[in-house]
Amino acid sequence: MDLCRYNWPLAAPRIRIAPSLLAADFACLRADVVKVEAGGAEILHLDVMDGHFVPNISFGVPVIEKLRPHSKLYFDAHLMIDEPARYAEAFAKAGCDLLTFHIEVTDTPRKIAEQIHALGIQAGIVLNPSTPADAVFDVLPDVELVLVMSVWPGFGGQSFIADVLPKVTAIRQRLRPDQRLEIDGGIALKTIGQAAAAGADTFVAGTAVFGQADPAAAMRAMQGAAAAAGAA
Ligand code: DX5
Ligand code: ZN
């Protein structure tokens, strides 16, 4: 664990936009990744869906491992799958830097976090919109990142659920300075300020980045809005 934290590239708290590949052009994935990396992103959010935990199928290990040599971005894989423990090793070998798994799929989150750390990468825990903050309190010391869903997972382009904001604040109060608090779903220029004010520091954005004519400008604008609201 200690060694893992020593190598934790996101330990420094600052506002980061994490573009979600789900909203990229799947016929031009490499070009789209290069575009957001050149535009200043540090993180690439990878939405993995199994068609069981969520009612949609996206992409998995082969796509991630093909993209890996073309990018230095921090690969943040959001595993919307029923059996994260079964596939963790394959995603680590594909080049993911962080695996986040849902608390709703396991009674042994600390064990899964330990398994992910043993693979030499970071671990994060995810909560669906209706899952209370206290569901993850026990596992907080064992993860580098907590991801609060601000839409129901499965699809991009949904509306932001502001009801999750008190949960963001409750979790923030229990995190160390080196732990990141990520929020995912419906993040855009209009909503990012609320999320930052509530305590999030890492903002997944699909449509609001890849759906824009100038993804780099969109990221800069959101970063500015989050900084203004977070500092207020
Ligand atoms: C939803 C995914 C999100 C999604 C966000 O299941 O976890 O990461 O890509 O998309 P937007 O930013 O369009 O709401
Ligand atoms: Zn996601």
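Contact here means heavy atoms within 4.5 Å. With that in hand, welcome to a short tour of this predicted model, in which local features need pLDDT of at least 70, side-chain atom pairs count only at pLDDT 80 or more, and totals for chains, interfaces and linings use all residues. Residues are numbered from 1 along each chain as its sequence is written, chains are lettered from A and ligands numbered from 1 in the order in which they are written, and side-chain values use heavy atoms, with hydrogens and water left out. Helices (H or I, at least four residues) and strands (E, at least two) are DSSP runs, numbered from the N terminus. Buried stands for under 20% relative accessible area, exposed for over 50%, and partly exposed for what falls in between (1.4 Å probe, protein chains only).

- Helix H4 spans residues 84-93, and its buried residues are Pro-84, Ala-88, Phe-91 and Ala-92.
- Exposed Arg-86 and Lys-93 are carried on the face of H4 turned away from its buried side.
- After H4 comes Gly-95, with a positive phi near 110 degrees.

**Helix H5**

- Pro-109, Ile-112, Ala-113, Ile-116 and His-117 are the buried residues of H5.
- Seen down the axis of H5, the buried residues fall within an arc of 140 degrees, so they line one face of the helix.
- Turned away from that buried side is a face with the exposed residues Lys-111, Glu-114 and Ala-118.

**Helix H6**

- In helix H6 (residues 165-172), the buried residues are Leu-165, Lys-167, Val-168 and Ile-171.
- They lie on the same side of H6, because the arc they cover around the axis is only 155 degrees.
- The packing partners of the buried residues of H6 are E5, E6, strand E7 (180-184) and helix H7 (192-198).

- E1 pairs with E8 in the parallel sense over 4 bridges; two strands count as paired if DSSP finds at least two bridges between them.
- Within that pairing, Pro-19 has Ala-205 in E8 as its bridge partner.
- E4 is largely enclosed by the rest of the structure, because 5 of its 5 residues are buried.
- On one side of E4 the buried residues are Leu-98, Thr-100 and His-102, and on the other Leu-99 and Phe-101.
- E3 and E4 also pair in the parallel sense, over 4 bridges, and Asp-76 stands opposite Leu-98 in E4.

**The largest pocket**

- The largest pocket holds about 280 Å³ of space. On a 1 Å grid over the protein atoms alone, a pocket is an open set of points where a 1.4 Å probe fits, with protein on both sides within 12 Å along at least five of seven lines, and lining residues have an atom within 4 Å of a point. Grid points are joined across faces, edges and corners, and the volume is the space filled by probe spheres set on the points.
- Its lining has 25 residues, and nearest the centre lie Gly-156, Gly-157, Asp-184, Gly-185 and Gly-186.
- At least two lining residues each come from E2, strand E8 (202-205) and helix H8 (207-210).
- By class, the lining has 14 nonpolar, 9 polar and 2 charged residues; Ala, Val, Leu, Ile, Met, Phe, Trp, Tyr, Cys and Pro count as nonpolar, Asp, Glu, Lys and Arg as charged, and the others, Gly among them, as polar.

**Loop residues**

- Asp-138 is in the loop between strand E5 (122-127) and strand E6 (145-149), and is exposed at 62% relative accessible area.
- Although Asp-138 and Pro-109 are 29 residues apart along the chain, their C-alpha atoms are separated by 8.8 Å.
- Gln-212, in the loop between H8 and helix H9 (215-231), is partly exposed with a relative accessible area of 37%.
- Apart from its neighbours within four places in sequence, Gln-212 is in contact with Thr-207 and Ala-218.

Technical notes: The arc is that of the directions from the helix axis to the C-beta atoms.
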